[in-house]
Amino acid sequence: FSRQRYWGEPIPILRDKDGNHTAVDENDLPVVLPELDDFKPAGNGESPLARAKDWLTVKTKEGQTLQRETNTMPQWAGSCWYYLRFIDPKNSEAPWDSKKEKHWMPVDLYIGGAEHAVLHLLYARFWHKVLYDLGHVSTKEPFKKLINQGMILGENGEKMSKSRGNVVNPDEVIAEWGADSMRLYEMFMGPLTAAKPWQTNGISGVNRFLKKVWRLVINENTGELNSKISDSEDSIEIKKQLHKTIKKVTIDTEQLNFNTAISAMMEFLNSTQKADQINKETIEKLVLMLAPYAPHIAEEMWQRLGHSTSLAYQPWPKYDEDLAKEDKITISIQVNGKLRATIEADKDSDREQLLAEVKTIENVKNHLTGKEIKKEIYVPGKIINFVAK
């Protein structure tokens, strides 16, 4: 657990001339590293702290001369409980206030790479359980839910490393494409938990999407609002598409399915481009949905739409469940469990009418010819399966 180096938390232990150990008095905590001009390894087997003679020697109230421990803790010692200090970071009397700890703990969601599994998560849980047994924390576990995000691989599909020469410098990407495009592309690459190869040319797609949203709001020739934006009421098609999009983006964002949320916004943008007029509130709701994904351009558009305060203070758009309902559903048609066709049908289609209709589909009819239908299984909104012999 100890390291022979300067950087690290000092170990609060004192030693007498006979080698006996004692803990630093609570009133003398925390032990602070001394200022050193030279904190390189000593080269003689001693820690750099052995050079700090004034710091090293401690006189007790009883007049005893003791020596401090010169080794320090490893870098993950502090990270084992940092989430607790975050609760009460300015407390000079205790590591954290117990009332605040009871209010905030456990951590609702921890997102971290799988490489943290040992040097942080394992030890964080271990330390937390010790603290729980000692009565210093109120929860047995520090984190309610853990998600390991996938690794961004190099363009060759291998882990990024200098030796492989496949490292992507985000500063260079941002300089060329902007921070919003970089941010949006990383979320659009695929599911959060999946490993994904970086494709620099893929950024151009999300960059085009952002430019289209900008042109929907701003006339690039005049710098004024697009003439399509008005106070007139949207068509029922646009209204439905908007509320479906709000519902999709809301649910997907909460579930960390960022790539599909972005896809939904892209689809809605395509719908607005076909319309002659778009209600201003509709545009504003699109900008608010985009804000967590591309905050810089969204903030700029929000201001151009006539708002003097940041969109960060605006409530998240709400959707109307009736307008967000799917009018059509895709149903799989099976014969003896094997897929033979798919159809688009109204969500509230009559069962008997639907069964009669699918029997006329050529491929279904061919597999039913000469057979007796023993059973007709209909799972509403999903499948129809004919059991025939």
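Tyr185 is buried in this predicted model, with a relative accessible area of 7%, where buried denotes under 20% relative accessible area, exposed over 50% and partly exposed in between (1.4 Å probe, protein chains only). Trp198 is likewise buried, at 2%. Residues are numbered from 1 along each chain as its sequence is written. Because the model is predicted, local features need pLDDT of at least 70 and side-chain atom pairs count only at pLDDT 80 or more, while totals for chains, interfaces and linings use all residues; side-chain values use heavy atoms, with hydrogens and water left out.

Rings of Phe, Tyr and Trp (its six-membered ring) pair if their centres lie within 6.5 Å; planes under 30 degrees apart count as stacked, over 60 as edge-to-face and the rest as tilted. The ring centres of Tyr185 and Trp198 are 5.0 Å apart and the planes stand at 85 degrees, so this pair is edge-to-face. Tyr185 belongs to helix α7 (residues 179–188) and Trp198 to the loop between β8 (196–197) and α8 (203–217), so the contact ties together parts 13 residues apart in sequence. Helices (H or I, at least four residues) and strands (E, at least two) are DSSP runs, numbered from the N terminus.

Phe258 and Tyr293 also form an edge-to-face pair, at 6.0 Å centre to centre and 75 degrees between the planes. This pair links distant parts of the chain, 35 residues apart: Phe258 is in helix α10 (residues 258–274), and Tyr293 in the loop between α11 (280–290) and α12 (295–304). Both Phe258 and Tyr293 are buried.
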